[in-house]
Amino acid sequence: MQFLDHIITVLDFSAFEAVWYWVLFALLWSHWTQTTLGVPFAMIRCAELGDETARSDALQLAEITARDLRSLNAQLGPVLVTLLELILGFLAALGFYYDSPLAQSVFFLVMPAVGVGYLRTRLAQAWPQISPQDQIRALMRHRRRLKVLGSVLIFFTAIWGVFFLQRVPQSPL
C-alpha cells in the first residue's frame, strides 16, 4: 500500500497543476486533429496536392467512417446525447457549483470531446450530399474547424487553469 501512495504522490492527479493533466489534454487534441473522418491528415494533404491514389483511398476511408457514424447516430443518437448531457451537467454542477477542481478538469476534457463529436457527426450526415470534387475540401475545412475549436478551448482551459491556480493556496513544496 505504501508503494501505491508513493505513486499517487509522484503522479499528483489533483487537477490543473498536474503536468499529467496537460499531457493528457495535449494528447487528446493531437489525436482529434490527426484524422478527419478516419482519414489521416497526411493522406488528405497528398490528395489535395493531386495524388489520385491518396484521393481514392481518402474518399473510401471517409465514406466508411461516415457510414458508420450515420448508423451509430441512427441507432444510439438520442441515448448518447442524453448520457452526455447527464455527464456534462453532473461535472459542471460538481465542478463549478460545488467547486471541485477534479470535476472542473474532467469537464474541460469531456466538453471538447462533445464538440468534436458533434462536428464529426455533422460532417458524416452531410457526406452523401457533398460532391466528389468537394469532398477533399470538406475534409480540410473540417480539420480547420477542429483546429480553431481546439485553439479556443485550449486557450480557455489554460486561462481557467491559471485562474484556478491563483485561487488555490499552494503547498510549501
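R45 and E48 are separated by about one helical turn, because they are 3 residues apart in helix α3 (residues 41-48). Helices here are DSSP runs (H or I, at least four residues), numbered from the N terminus. The side chains of R45 and E48 meet in a salt bridge, 2.4 Å from N to O. A salt bridge is a side-chain nitrogen of Lys or Arg within 4 Å of a carboxyl oxygen of Asp or Glu. Side chains of opposite charge can pair when their charged atoms come close.

R45 counts as partly exposed at 37% relative accessibility, and E48 counts as partly exposed at 34%. Buried means under 20% relative accessible area, exposed over 50%, and partly exposed in between (1.4 Å probe, protein chains only). This is a predicted model, in which local features need pLDDT of at least 70, side-chain atom pairs count only at pLDDT 80 or more, and totals for chains, interfaces and linings use all residues. Residues are numbered from 1 along each chain as its sequence is written, and side-chain values use heavy atoms, with hydrogens and water left out.

The structure holds 4 salt bridges. One of them joins the side chains of E63 and R67 at 3.9 Å, N to O. These two residues are 4 apart in helix α4, so about one helical turn separates them. E63 is partly exposed at 27% relative accessibility, and R67 is partly exposed at 44%.

E63 also forms a salt bridge with R70, where the closest N and O atoms are 3.6 Å apart.

## Nonpolar surface patch

L72, L76, V79, L80, L83, L86 and I87 form a nonpolar patch on the surface, with about 590 Å² of accessible area together. Such a patch is made of residues with over 30% relative accessible area and no salt bridge, the nonpolar side chains (Val, Leu, Ile, Met, Phe, Trp, Tyr) being joined within 5 Å. Accessible areas come from the Shrake-Rupley method with a 1.4 Å probe; for residues, only the protein chains shown count as cover. L83 is found in helix α4 and counts as partly exposed at 44% relative accessibility.

Technical notes: Patches are made of residues with over 30% relative accessible area and no salt bridge: like charges are joined within 9 Å, nonpolar side chains (Val, Leu, Ile, Met, Phe, Trp, Tyr) within 5 Å.
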